[in-house]
Amino acid sequence: MNIEDLQQLTQFQVDEQPHIIVNKEICKSCDHHACVKACPANCYTFNEETKLLSVVYETCLECGTCYVICDKGALDWSYPRGGYGVCYRLT
Amino acid sequence: MAKYFDVIIVGAGPAGSLAALKLARAGLNVYLLERGKYPGAKNMFGGLLHNTPVLNEMLPDFPERAPLERHVYKKVLAFMTPTSAVSLSFENENFEQPPYNGYTVFRPAFDSWLAGEAVKAGALLLCDCTAEDIIKKDGQVTGVTVKGREGEMRGNIIIAADGALSFLAKKAGLRQDFKSSDMGVGIKLLLGLNEATINERFHLVRDQGADISFVGMTDGIRGGGFLYTNRESVSVGMVVHLDSLKAAGKAPYEVLNEFLQHPQIRKLIKGAVPLEYSAHLIPEGGFTAMPQLYTDGMMVAGDAAGLCYTNGINLEGINLAMTSGVLAAETAIKAIEAGDFSAKTLSLYKKKLDDSFIMKDMKTFKNAAGMMHLERLFQTYPQVLASIMEKMYRVDGVPRSKLLRLARKEALKEVGLKDLIVDGIRIGRALL
């Protein structure tokens with residue numbers, strides 16, 4: 001499975017309002033950025049040059065892995081507004 | 001339509017919908033809130049709906065009416081190394097008799113159907129509603145605020161069946177922060193494969209299904225793989241502990257891809273077409289990680305209550321969820337009869353859980369959560385087992401040892417005697 005194909009495989013109802021907000025200042029000084037690797041949907045990227053952590057909330061599977069493993073309290077994470085976000089058809 | 005409800009249930013999963021069905025049948029005003037577009041839109045599990053007596057009691061004809069895939073006939077436990085697999089396969093004609101021991105199901109289909117049964121009985125289902133916070137009055141929970149269809153919902157009793165990451169339980173002060181050592185993440189790829197091919201490859205007929213668990217193919221990360229057969233697809237995935245995943249610094253889908261490339265797995269899924277990819281948290285902390293189950297005006301059920309356990313052999317959650325939902329509903333009925341929604345009255349819920357198989361099983365396997373943190377269980381021991389099997393079968397002109405001597409020699413190559421004894425005791429305490 002190629003994670004790049006996620007949007008072809010799984011359906012999302014994208015909200016214009018993000019449901020994950022990262023605290024870029026805290027993430028700058030984070031020593032592990034574990035969220036980048038652990039996210040099952042590959043939503044996080046850390047730019048080594050700019051030292052900025054960014055999140056693509058649009059393809060978030062809402063599992064909460066990042067929220068639970070972040071030990072810096074850098075994530076403002078909530079479920080999307082009703083009706084938005086991932087929408088499983090078969091699983 | 002009543003503006004004030006007897007009971008508000010948050011989450012139209014198996015716990016919430018069965019609670020709603022029970023309450024609606026008792027003639028109470030029930031509101032069932034669901035954050036997805038439809039029930040099951042946010043829900044995922046490996047694939048097995050276990051036999052659940054309360055489901056059989058409340059919906060005796062569900063096997064004819066519910067959207068089910070296959071009943072599970074064959075159980076396999078496989079220990080893997082990158083080049084081999086040692087498996088124990090159990091096929092049982094007694095699993096061919098109803099009530100079947102379990103069915104593979106698709107959650108969007110099954111959860112929608114179950115919520116529909118509650119609606120038919122008179123419950124009000126409201127989708128597109130994310131319950132965000134609880135409303136308290138004089139220390140008692142009296143409602144929830146909703147994001148999506150903005151507003152407030154009020155009722156005498158709230159049943160939080162809002163899943164593994166229950167923000168409502170946390171906001172009500174019933175639990176601490178979620179800990180990575182108590183949580184696993186399940187990821188799953190649904191693969192389309194035609195019915196005849198599935199039957200041939202897994203040696204099944206009619207609507208027989210297989211449930212295969214794999215240990216040892218998670219790249220040293222604590223966890224395991226699974227494969228369930230549906231009618232025209234197989235669900236393949238893995239569950240890994242979050243703390244171990246974090247420490248390994250690996251992407252879960254990369255570990256899954258390696259698993260799918262294993263020679264044994266590749267044969268099983270050859271030619272299959274990816275249909276859907278999903279992920280969900282699983283409360284794997286067991287008995288000691290459970291939150292408090294009730295407070296004034298509120299009860300917690302299903303995954304939200306941490307009602308899930310694994311001991312390496314059994315992995316149960318959906319049956320505990322449905323049963324806890326019904327027990328919470330029974331408690332709510334008593335509380336409404338008495339007109340008293342205090343924690344004291346709702347403590348009956350805890351008593352009912354204690355008297356049921358739920359808490360008995362949670363307690364029986366309370367040491368299993370610790371055992372599942374033994375690193376060696378997930379790579380070293382499968383390796384030892386495979387080496388023993390290889391030596392046992394290989395014919396190469398080298399004089400043979402008797403089995404115990406062979407096993408001891410192979411085990412000591414990988415693990416020190418002291419560690420072997422310590423692990424043996426921990427496994428023994430958890431399972432024996």
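This is a predicted model: local features need pLDDT of at least 70, side-chain atom pairs count only at pLDDT 80 or more; totals for chains, interfaces and linings use all residues.
## A walk through chains A and B

Just after helix H10 of chain B, B:Gly339 takes a positive phi of about 65°. H10(B) runs over residues 318–338.

Chain B contains 16 helices and 19 strands. Its radius of gyration is 23 Å, close to the 22 Å that the globule rule gives for 432 residues, so chain B is as compact as a globular protein of that length. Along the principal axes, its C-alpha atoms fill a box of roughly 80 × 50 × 40 Å. Buried residues account for 54% of the 432. Of the contacts in chain B with a separation of 6 or more, 73% are between residues 24 or more positions apart.

The domain assignment divides chain B into domain 1 (5–67 + 105–176 + 291–355), domain 2 (181–283) and domain 3 (370–431). Between the centres of domain 1 and domain 3 of chain B, taken over C-alpha atoms, there are 44 Å.

Now for the interior. In soluble globular proteins, nonpolar side chains tend to be buried together. Here the largest nonpolar core has 165 residues, and the members that touch the most others are B:Ile9, B:Ala19, B:Val30, B:Leu32, B:Ile159 and B:Ala301. Setting aside residues up to four places away in sequence, B:Ile159 touches B:Val7, B:Ile9, B:Gly16, B:Ala19, B:Met299, B:Ala301, B:Ala328 and B:Ala332.

B:Tyr4 sits in the segment before strand S1 (5–10). B:Tyr4 counts as partly exposed because it has 13 C-beta neighbours inside 10 Å. Beyond its neighbours within four places in sequence, B:Tyr4 is in contact with B:Arg154 and B:Gly155. B:Tyr4 and B:Thr104, in turn, are 100 residues apart in sequence and 38 Å apart in space, C-alpha to C-alpha.

B:Cys308 lies in the loop between strand S17 (298–300) and strand S18 (309–310) of chain B. Not counting residues up to four places away in sequence, B:Cys308 touches B:Ile282, B:Pro283, B:Glu284, B:Asp303, B:Glu316, B:Gly317 and B:Leu320. B:Gly285 is 23 residues from B:Cys308 in sequence and 8.2 Å from it in space, C-alpha to C-alpha.

Next come some backbone details. Most residues other than glycine have a negative phi, and most peptide bonds are trans. B:Pro98 and B:Pro99, however, are joined by a cis peptide bond with omega about -5°. B:Pro99 belongs to the loop between strand S5 (84–91) and strand S6 (102–104) of chain B. B:Asp219 is not a glycine, yet has a positive phi of about 60°. Its place is the loop between strand S12 (208–215) and strand S13 (223–229) of chain B, and with 16 C-beta neighbours inside 10 Å B:Asp219 counts as partly exposed. In chain A, A:His33 also has a positive phi, near 45°. A:His33 is in the loop between helix H2 (24–28) and H3 of chain A, and is partly exposed, with 18 other C-beta atoms within 10 Å.

That brings us to chain A as a whole. Chain A has four helices and six strands, arranged along the sequence as α-β-β-α-α-β-β-α-β-β. Its radius of gyration is 13 Å, close to the 12 Å that the globule rule gives for 91 residues, so chain A is as compact as a globular protein of that length. Of those 91 residues, 42% are buried.

Finally, where do the chains meet? In all, 30 residues of chain A are in contact with 45 residues of chain B. On the side of chain A that touches chain B, helix H1 (6–9), helix H3 (34–38) and helix H4 (65–69) each supply at least two residues. By class, that side has 18 nonpolar, eight polar and four charged residues.

Conventions
Residues are numbered from 1 along each chain as its sequence is written. Chains are lettered from A and ligands numbered from 1 in the order in which they are written. The expected span of a helix is 1.5 Å times one less than its number of residues. The radius of gyration is taken over C-alpha atoms; the globule rule is 2.2 Å times the number of residues to the power 0.38. A residue is buried if 20 or more other C-beta atoms lie within 10 Å of its own, exposed if 12 or fewer, and partly exposed in between; C-beta atoms are placed from the backbone. Two residues are in contact if their C-beta atoms, placed from the backbone, lie within 7 Å. Ala, Val, Leu, Ile, Met, Phe, Trp, Tyr, Cys and Pro count as nonpolar, Asp, Glu, Lys and Arg as charged, and the others, Gly among them, as polar. Domain bounds come from an automatic or database domain assignment. A nonpolar core is a set of buried Ala, Val, Leu, Ile, Met, Phe, Trp, Tyr and Cys residues joined through C-beta atoms within 7 Å.
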